[in-house]
Amino acid sequence: MKEFIRIQESDNVAVALRDYTAGEKISVGGRDIELTEAIGRGHKVALTPILSGEHVIKYGYPIGHAIRDIAPGSHVHTHNTKTNLTGVEEYRYTPKIAANPYSFENRTFEGYKRKDGSVGIRNELWIVPTVGCVNGVADLILSAFIQEIGSTLPFENALVLKHNYGCSQLGDDHVHTRTMLADAVKHPNAGGVLVLGLGCENNTMNEFKEALGDYDASRVKFLVSQEVSDEVGEGVRLLKEIYEAARQDRRETVPLSALNIGLKCGGSDGLSGITANRLLGRLSDYMAAQGGTTVLTEVPEMFGAETILMERAADEEVFGKIVHLINDFKQYFLDYKQPVYENPSPGNKAGGITTLEDKSLGISRVNDVLRYGERLKTKGLNLLSAPGNDLVASSALAASGCQMVLFTTGRGTPFGTFVPTVKVSTNSALHREKPHWIDYNAGVLVEDGDPDRVLDDFLNFITDIASGKRVNNEQNGFREIAIFKNGVTL
């Protein structure tokens, strides 16, 4: 098994794959380098002298610069390295689009075909409150319905998408809430939805229906609690109507191209860009070759790698959208008088992340850019505007139309949004320690795991999930929706 990795020949740092003590040696390019200090797993060690002001190179790209001279064998981290990131910038379109290494394969999965042509990977019954005031009423309705019917079948699960919003909101803040909830109502993983209102909220039912647009009236029902005497009884009656409409729902064989997969990372470590993020990059390329769709979000994590994304823009129009995506989010930081580079969390830094560039690099390819709350319309890789908060960003991926979210992590997290939220560990130790959180181990990629074999295994795992295999967040009952709160338009 490898004990350290130098990702590209041009890199002047390597990443430790185990804990090292001072005085140990590593052999790189035929020469031994003695470590001048202890180096933790996932952390970087200098392979050559790096003078103050010179770039620290990882993945073949600068991830920052030295703020003092760094000797070979030294720990390269926040104490001697600083980001190259700055504020809002001007960019030029210089396309560098490589050929997709993958070709079409006839992979399929078993999904639920919807009347609008979309495909669900789950058939669930949801209650979507228009305002947080009726969360408790929604629980009572769902509980009474299940007690009366005896089970949720043909629905695989039933839940209330609780939130605290829908009233006393103005402008874009109000629109974000209404848009996200409308996106959830139309999500293909929902076989039926009851939209539950109170009656005096500013997210009114009439405006909500107008924002919703076309919908399947046999699967989507509406109830305003103040307009009926027995809101629980009326809610149960409407759920029964949905239940009758869904009784014949069955999975059918559909092509892999029907999958929309969200991509997100959090609780990262120094292996994120080497194992799990790289696996998702290859998956994204593979999905594009099948006519499928992937969506990458968490814009602050793109800082430092934005020029790579811009080089991969499908055309100049998409390039312009990426520029706005990056600069608008940088401006968001500046409007709140925050530097654009202070994002890696204490946990990220403990795991070996030094700068945002260090965390961001190692990603794949781009066809369109979505605003927050916007739904998918273009196949291939899309970028989505959403912040760094894990639950907010994952909810935005689900709202865009992704039937599942792949979430890479080096330190672990248990949460789930309202679609299957698949945790992919960057290292094997996390997979061993948190099997009730982690669904797939990408750490094998630094343990002599063949990349092609791992990708094929991962694809089989993904199609199993799409065909009904439940993941940890579903088994644990961790299902939430979170909505971005901000006065700045994104």
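Guide: Let us begin with a term. A nonpolar core is a set of buried Ala, Val, Leu, Ile, Met, Phe, Trp, Tyr and Cys residues joined through side-chain atoms within 4.5 Å. Buried means under 20% relative accessible area, exposed over 50%, and partly exposed in between (1.4 Å probe, protein chains only). This is a predicted model, where local features need pLDDT of at least 70, side-chain atom pairs count only at pLDDT 80 or more, and totals for chains, interfaces and linings use all residues. Residues are numbered from 1 along each chain as its sequence is written, and side-chain values use heavy atoms, with hydrogens and water left out.

Visitor: Which residues touch the most other members of the largest nonpolar core?

Guide: They are Leu259, Met404, Leu406 and Phe458, in a core of 94 residues. Helix α7 (residues 316–335) gives the most to this core, nine residues. Helices (H or I, at least four residues) and strands (E, at least two) are DSSP runs, numbered from the N terminus.

Visitor: With which residues is Leu406 in contact?

Guide: Contact means heavy atoms within 4.5 Å. Leaving aside neighbours within four places in sequence, the partners of Leu406 include Ile261, Leu280, Val422 and Phe458.

Visitor: Why is strand β22 called largely enclosed?

Guide: Five of the five residues of β22 (residues 421–425) are buried, so the rest of the structure largely encloses this strand. Thr421, Lys423 and Ser425 point one way, Val422 and Val424 the other, and all are buried.

Visitor: What makes β21 and β22 a pair?

Guide: Two strands pair if DSSP finds at least two bridges between them. Five bridges join β21 (residues 404–409) to β22, and the two run parallel.

Visitor: What is the hand of the crossover from β22 to β23?

Guide: A crossover is right-handed if, with the strands pointing away from the viewer, the path from the first strand over the helix to the second runs clockwise. The β-α-β path through helix α11 (residues 428–433) is right-handed.

Visitor: Why do β13 and β15 stand at the edges of their sheet?

Guide: That open sheet has the order β13-β12-β14-β15, with parallel pairing. Strands β13 (157–160) and β15 (220–224) each have a single partner strand, so one side of each lacks a neighbour in the sheet. Four bridges link β12 (residues 124–129) to β13, and Leu125 stands opposite Ala158.
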